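Please keep the sequence and the structure in view while reading.

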Amino acid sequence: SDLEYHLENDKVTIDYIKIPFEEIPDSLFNISNSQISSYIRNNKDDFQIDESRIIDYVFIPDIASSLDENNIRTNLESLRDGIIQYNDVSKLVDTITGFKNAKDIVEFVDTYSEKPYEEVYLSRDQLPGDFADILYGLRVGQTFGPYKDGGYYILSRMVDKKREEGINKVLLANVYLQIVPSNESSNKNYRDASQVEFDAKNNLALDTSNNVINYESLDAFDAGIPGIRDSRSVIKWLYEKPTNVNDVKRFNLTDGYLIAIVKSINKERLPEIADVSDDVKGEIIKKIKYDYLKKNYKKPSIDLIQENFNVDIQRASAVTQNDPILVGAGPEPYIIGAAFALEPGEVSTLLLGNEGIYIIKSISKEVAEDLSLDAAISSSMTDREIERISSLIPEILESSAEVIDNRSFYY
């Protein structure tokens with residue numbers, strides 16, 4: 001569009017003085033609570049606190065016990081060395097050849113491992129970090145383990161070594177047993193979770209012998225409770241209409257059980273004055289200081305401001321409205337916009353900016369010559385404008401209608 005073309009290509013050069021807000025002492029002004037309240041009401045979009053839910057919860061992980069882990073290790077040790085066991089059916093003693101003596105390694109892995117055999121040659125860097133040197137240094141036929149890596153205990157046996165594309169690589173056969181809770185452990189974890197839920201429903205408090213965590217969800221679109229996998233269902237429950245304060249629920253999640261009690265349901269609201277008064281005062285006082293200076297400098301000049309405040313005149317060259325950064329001052333879109341309203345040689349009144357109070361003098365203004373833009377440029381600008389307008393549509397709808405957002409119930 002023509003407008004966007006000029007925003008990008010029209011240029012001004014200005015001299016300006018910035019009077020930092022702190023140059024005018026705060027002690028000259030008093031700000032009342034009613035001024036703060038009024039400011040918050042008039043700028044409520046900047047201060048609105050989203051609805052929130054506060055919960056206490058206990059998480060009981062459904063994980064293997066130390067006894068479970070010891071049993072898994074023992075099973076792998078038996079698989080490594082071989083097993084001699086009595087067969088109740090045949091009434092004979094069976095001997096199972098161990099991994100370290102197995103003739104058909106592939107068959108052994110496919111029979112006893114929880115991951116299939118893979119014939120992949122690996123470099124030292126591709127081996128499990130804590131055991132890379134040991135595994136890489138095994139002789140062909142030698143075994144190592146059981147060792148723990150991630151969620152598995154592993155037995156490894158060196159099958160072959162070769163040099164490939166200038167890199168020494170090894171082929172390992174691995175027997176994996178996943179570290180999972182036994183039936184006894186899982187049953188105990190379930191009973192513990194059920195007991196916590198029962199106690200909470202009867203006493204309206206969570207069992208303090210467990211680690212009770214307080215959590216505030218600020219958004220109905222939270223993915224879940226931080227640190228707990230697949231806990232989106234907890235957030236959905238918190239924002240469902242039937243859910244009330246003191247409600248208790250147990251969730252059966254991927255890694256365990258979460259028992260939650262709703263402590264408070266907070267609607268969308270404006271903050272208490274005490275919580276934001278310092279920030280609000282900081283914004284109000286900028287305007288008050290600006291009004292104070294305007295009252296005292298009805299016909300300001302750059303020289304007079306420079307002399308009275310002992311600040312330097314700065315020059316900003318070839319400034320465009322598309323890039324509202326004022327060199328030496330920071331983002332100042334209003335000040336730059338005001339510069340384009342001046343003719344060369346003209347001096348502004350005092351102007352209120354983000355970082356201070358300004359006075360500017362236009363040195364030169366260059367208005368780009370209107371061009372007959374080719375189709376490609378025109379199309380590009382049109383696409384950008386459509387994208388910009390599309391992003392504004394929800395904002396416009398929200399400002400003109402009451403929008404009820406139910407998306408969180410489907411996520």
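A residue counts as buried when its relative accessible area is under 20%, as exposed when that area is over 50%, and as partly exposed in between. The model is predicted. Tyrosine 190 has a relative accessible area of 39%, so it falls in the partly exposed class. Tyrosine 257 is at 11% and is therefore buried.

The aromatic rings come next. In total, twelve aromatic pairs are found. One of them joins phenylalanine 29 and tyrosine 292, edge-to-face, with 5.4 Å from centre to centre and 85 degrees between the planes. This pair links distant parts of the chain, 263 residues apart: phenylalanine 29 is in the loop between S1 and helix H2 (33-42), and tyrosine 292 is in helix H9 (residues 273-296). Phenylalanine 29 is buried because its relative accessible area is 14%, while tyrosine 292, at 33%, counts as partly exposed. Tyrosine 190 and tyrosine 257 form another edge-to-face pair, with the centres 5.9 Å apart and the planes at 70 degrees. Here too distant parts of the chain are linked, since tyrosine 190 belongs to helix H7 (residues 183-203) and tyrosine 257 to strand S11 (residues 256-266), 67 residues apart. Phe99, Phe108 and Tyr112 make up one aromatic cluster.

Arginine 53 lies over the face of tyrosine 239, 4.2 Å from the ring centre. Over the ring of tyrosine 121 sits the charged end of lysine 162, at 4.1 Å from the centre.

Now to the sheet. Four strands form an open sheet in the order S12-S1-S16-S15, and their pairing is antiparallel. S12 and S15 are the edge strands; each has a single partner, so one side of each has no neighbour in the sheet. Between S1 and S12 the antiparallel pairing runs over four bridges. Within that pairing, tyrosine 16 has glutamine 314 in S12 as its bridge partner. Helix H10 (residues 302-309) packs on the sheet and touches S1 and S16, its direction making about 30 degrees with that of S1.

Which residues of H11 are buried? They are Ile335, Ile336, Ala338, Ala339 and Phe340. Their cover includes strand S1 (11-20), strand S12 (314-319), strand S13 (325-326), S15 and strand S16 (356-366).

Glutamate 346 is in the loop between helix H11 (333-340) and strand S15 (351-352). Its relative accessibility is 37%, which means that glutamate 346 is classed as partly exposed. Apart from neighbours within four places in sequence, glutamate 346 contacts Ala341, Ile360, Lys361 and Ser362. With serine 362, 16 residues away along the chain, the separation between C-alpha atoms is 5.7 Å.

Glutamate 69 is located in helix H4 (residues 66-81). Is glutamate 69 buried or exposed? It counts as buried, because its relative accessibility is 18% and the class takes in values under 20%. Not counting residues up to four places away in sequence, glutamate 69 touches Ala64, Lys148, Tyr153 and Ile179.

Notes:
Residues are numbered from 1 along each chain as its sequence is written. This is a predicted model: local features need pLDDT of at least 70, side-chain atom pairs count only at pLDDT 80 or more; totals for chains, interfaces and linings use all residues. Side-chain values use heavy atoms; hydrogens and water are left out. Helices (H or I, at least four residues) and strands (E, at least two) are DSSP runs, numbered from the N terminus. Buried means under 20% relative accessible area, exposed over 50%, partly exposed in between (1.4 Å probe, protein chains only). Contact means heavy atoms within 4.5 Å. Rings of Phe, Tyr and Trp (its six-membered ring) pair if their centres lie within 6.5 Å; planes under 30 degrees apart count as stacked, over 60 as edge-to-face and the rest as tilted. A charge sits over a ring if NZ of Lys or CZ of Arg is within 6 Å of the ring centre and within 35 degrees of the ring normal. Two strands pair if DSSP finds at least two bridges between them. Axes are lines fitted to C-alpha atoms, for helices over the stretch in contact, and angles run from 0 to 180 degrees between N-to-C directions.
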